[in-house]
Amino acid sequence: SDVYRAGISGTRPLVPVDADALERSARGALSAEAFAYIAGGAGAERTVAANRAAFGRLQVWPRVLRDVSDRDLSVDFLGVRRPAPLLLAPLGVMEMAHADADLAVARAAAALGIPYTLSNQASFPMEQVRDAAPAGARLFQLYWSASHELNASLLRRAEASGCEAIVITLDTHLLGWRTRDLDLAYVPFTRGMGIAQYTSDPVFRRLVRERTSGVRSHADAPPPVRITPKAVLAGMSIARGGAPLTGSRSLRQNLRSPLPRAAVETFLDVFSTPALTWDDLAKAREWTRLPILLKGVVHPDDAARALDAGVDGIWISNHGGRQIDQSVPTLDVLPAIAERVAGRVPIVFDSGVRQGSDAFIALALGATVVALGRPYAYGLGIAGEAGVREVVRNVLAELDITLGLSGHTTIGDVGADALRAV
Ligand code: FNR
């Protein structure tokens, strides 16, 4: 009702309420590169569309004349009662959207009591994000790097900085074929963005020092624009052989100083880990006592395997359609995975959630909590911390209204019988 009252009192919304209008507004507010990076998907972006289309195949089937005056959105997640079944998904390189990036997102999430999953590719070190919103619930998302020492160090820091759980993202062992980014020469990593978690890490710094002090000094070498298999796999496809980036700065200027350049190159050395297998997972257990969630699970057999491996949560995601073109939409596989998990561990669901009624549908199909991705990045780009807050608040408000209008008072009440397949 606060959202309506604000409207009645004449307070103008900061961000458009409609999801498509929000995206359009962000397109106007962001640089071409930032919008391409956030909105874009893999290949012809058929997975991005399929994620949305899957919601269109389900309808909410309301029941009437049930007292729904007292509604409660709270759920248990990782042993804590949370005010709502919503998380913020990890989004890297948010400095492209707003200078305050993760600091603004952490503050907005904390203000609403929504847990924030901090990305391994965040723009600020995790300790600084904690300091920006010390009371906020945070999870840390790890990209398993080729350096085990670095993985262990990142997890140690996550634990020390008060993160509640580790989310290991498994669908990005190679970076997806992102057409929009490739057309714009993949700005983020070539400008050394999104590596703050690494450059603030003592192990990573040592790796960089070893690289620069050794025979492999690149201080006077040509800029690293060769299209090596590694560079392509890491998404650093400078497809035009070192032509200047869009905008006024060339790659050579951006990485002129040898240290940042060595940092970016060290990052590229360790980022891509296609050799990772289930056997490696056991190491994560040695590195941390925190609960471990696996993000990027889309096959029921993998969910079962994850349970056998003793994980503490399954995060169903296809990375918002950014990794494989024409991949399975996550909503379609949610029921089968929920059946295999059978309530033994929590299920986080993402990819395609744009509004409260989407969250309702995913929760009805068995998600424990739903994670929001692109919409909050748009809010950040349009209006910073307040924009993120407003986007999340709108999703929560519509979820609450859908809960009540469909004849339910708690999230636990909502099951598959609240839906009808089209
Ligand atoms: C992501 N995603 C992501 N996931 C992850 O594990 N680590 C990361 O650093 C990022 N970075 C990232 C940046 C941007 C701009 C986007 C849009 C996405 C994936 C993210 O966590 C989530 O899975 C998707 O955003 C969900 O899809 P929708 O809802 O955004 O379509």
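Gln 326 is partly exposed, with 13 other C-beta atoms within 10 Å, where a residue is called buried if 20 or more other C-beta atoms lie within 10 Å of its own, exposed if 12 or fewer, and partly exposed in between, with C-beta atoms placed from the backbone. Gln 326 is found in the loop between β9 (313-316) and α17 (330-341), helices (H or I, at least four residues) and strands (E, at least two) being DSSP runs numbered from the N terminus. Although Gln 326 is not a glycine, its phi is positive, at about 60°.

Leu 78, likewise not a glycine, has a positive phi of about 55° and sits in the loop between β2 (75-77) and β3 (80-82). Leu 78 is buried, with 20 other C-beta atoms within 10 Å. Most residues other than glycine have a negative phi.

## Basis of the model

This is a predicted model, in which local features need pLDDT of at least 70 and side-chain atom pairs count only at pLDDT 80 or more, while totals for chains, interfaces and linings use all residues. Residues are numbered from 1 along each chain as its sequence is written.

## Annotated binding-site residues

An unreviewed UniProt entry lists Tyr 37, Tyr 143, Arg 178, His 319 and Arg 322 under "binding site"; UniProt positions are given in the numbering used here, feature names are shortened, and annotations may be inferred rather than shown by experiment.

Tyr 37, in helix α3, counts as buried because it has 26 C-beta neighbours inside 10 Å. Leaving aside neighbours within four places in sequence, Tyr 37 is in contact (C-beta atoms, placed from the backbone, within 7 Å) with Val 93, Met 96, Asp 181 and Pro 188. His 319 lies in the loop between β9 and α17 and is buried, with 24 C-beta neighbours inside 10 Å; not counting residues up to four places away in sequence, His 319 touches Asp 171, Thr 172 and Gly 296.

## The largest nonpolar core

A nonpolar core is a set of buried Ala, Val, Leu, Ile, Met, Phe, Trp, Tyr and Cys residues joined through C-beta atoms within 7 Å. The largest such core has 122 residues, of which Val 105, Ile 314 and Ala 362 touch the most other members. Its largest share, 13 residues, comes from α19. At least three residues of this core come from each of domain 1 (2-173 + 277-421) and domain 2 (179-271), with bounds from an automatic or database domain assignment.

Technical notes: Two residues are in contact if their C-beta atoms, placed from the backbone, lie within 7 Å.
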